[in-house]
Amino acid sequence: MRLLLVEDDLVLGPRLRQDLRRAGYAVDLVDNGVDAQFQGEEEAYDAVILDLGLPGRPGLEVLQNWRKAGSQLPVIVLTARDAWHERVDGLKAGADDYLGKPFHQEELLARLDALLRRAQERSEPQLAVAGLILDEERQCVMLADGETVELTGTEFRLLRYMMINPGKLLSKSRLTEHVYEGDADRDSNVIEAYIKRLRQKIGKSLIETRRGQGYIFGGETA
Ligand code: CA
C-alpha cells in the first residue's frame, strides 16, 4: 500500500517516512500544502497522513478541497497537542481520524492499520485469503501447509495489495501505483519479475495471468 505523508517538520517527516517504510508501506513525503493537494488529486494513494500546520496552504484547506472534489481518500490528521479545536475542525473537514503531537509511532501504525481495514471493509486484524495468512508485522506469509515464507519489501507490498483485492483483475499499472513510491523506477516489466518470484514462493496457481490485462489473485470467486 502506498501512503502520502504530508509533514513540514524536517526531523519528524523523514523519521515518520522511515518508520512507515519499515512497517511495509511505500511512502511519498511532501512538505507543503500546495504539493500535498496536487499529489492527493493526481496519485493513487491508499491513505494520507496530513499535518495541519503547513506552509503554502493549511492542511485543513487541503483536506476540504479534496473532499469538495469528491475524494474519499482515508485521511489521518496530525494536530498540535491539546488543541481540541484542531481535532474538531479536522473531523468536520472530513478527516477519518486524528493524532495529537507528540505521539508514539506504534499508535500511528495501529490507527493507520485500523483505518485501512475500515476502508477495505474488513474487520479481522489478520489478512487470510485463499489459504494464505499474511503476517503484516513480520512481513512473511504462512502457506496452506503451515510453512512460513519470508518476503522482501516489494514482495510483501505486492502480495498484501493482491490479498486485499482477491478475485479482482489488477492491471500492472495499478499494482505499480500501489506498490512503489512516486520517485521509483516504474517499469512494468519489474512487476512481472516480482509476480514470478511470488509464484515461486506461494505456488503458481494462486496468481492467474490475464494476457494484456493483468493478474487475478486467489481465483475469481474468492
Ligand atoms: Ca507543521
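Which residues are buried in helix α7 (residues 172-179)? The points below start there.

1. **Ground rules.** This is a predicted model, where local features need pLDDT of at least 70, side-chain atom pairs count only at pLDDT 80 or more, and totals for chains, interfaces and linings use all residues. Residues are numbered from 1 along each chain as its sequence is written, and side-chain values use heavy atoms, with hydrogens and water left out.

2. **Helix α7.** L175, T176, H178 and V179 are buried in this helix. Buried means under 20% relative accessible area, exposed means over 50%, and partly exposed lies in between (1.4 Å probe, protein chains only). The buried residues of α7 pack against β1, β2 (26-30), α6 (153-164), β10, α8 (188-202) and β12. Contact here means heavy atoms within 4.5 Å. Helices (H or I, at least four residues) and strands (E, at least two) are DSSP runs, numbered from the N terminus.

3. D46 sits in the loop between α2 (33-42) and β3. Its side chain makes a polar contact of 2.9 Å with that of H178. A polar contact is a pair of N or O atoms within 3.5 Å; within protein, one must be able to donate a hydrogen and the other to accept it, and residues adjacent in sequence count only if both atoms are side-chain atoms. Leaving out residues up to four places away in sequence, D46 touches M1, R2, P74, L116, Y161 and H178.

4. **D46 and charge.** D46 is buried but has no salt bridge. The nearest side chain of opposite charge is R174, 7.3 Å away. A salt bridge needs a side-chain nitrogen of Lys or Arg within 4 Å of a carboxyl oxygen of Asp or Glu. Lys and Arg count as positive, Asp and Glu as negative; His and the chain ends are not counted.

5. **The calcium ion.** Its protein donors are D8 (OD), D51 (OD) and G53 (O), lying 2.2 to 2.3 Å from it. D8 in the loop between β1 (2-6) and α1 (12-22) and D51 in strand β3 (residues 47-51) are 43 residues apart, so the pair links distant parts of the chain. Donors are N, O and S atoms within 2.8 Å of the metal (3.2 Å for Na, K and Ca); water is not among the atoms, so sites may look incomplete. D8 counts as partly exposed because its relative accessibility is 28%. D51 is buried, at 5%.

6. **W66.** This residue is in helix α3 (residues 59-68). W66 is buried, with a relative accessible area of 1%. Among the residues that W66 touches, beyond four places away in sequence, are L4, A36, V48 and L50.

7. **Strand β7 and its neighbours.** Strand β7 (residues 132-135) has a covered face, L132 and L134, and an uncovered one, I133 and D135. Antiparallel to it runs β6 (residues 127-129), joined by 3 bridges. Two strands pair if DSSP finds at least two bridges between them. The β6-β7 hairpin has 2 residues between its strands, and A130 in the turn has a positive phi of about 55°. The β7-β8 hairpin has 4 residues between its strands, and there Q139 has a positive phi of about 55°.

8. **A three-stranded sheet.** This open sheet has the order β10-β12-β11, with antiparallel pairing. Its edge strands, β10 (169-170) and β11 (207-210), each pair on one side only. E208 has I216 in β12 as its bridge partner.
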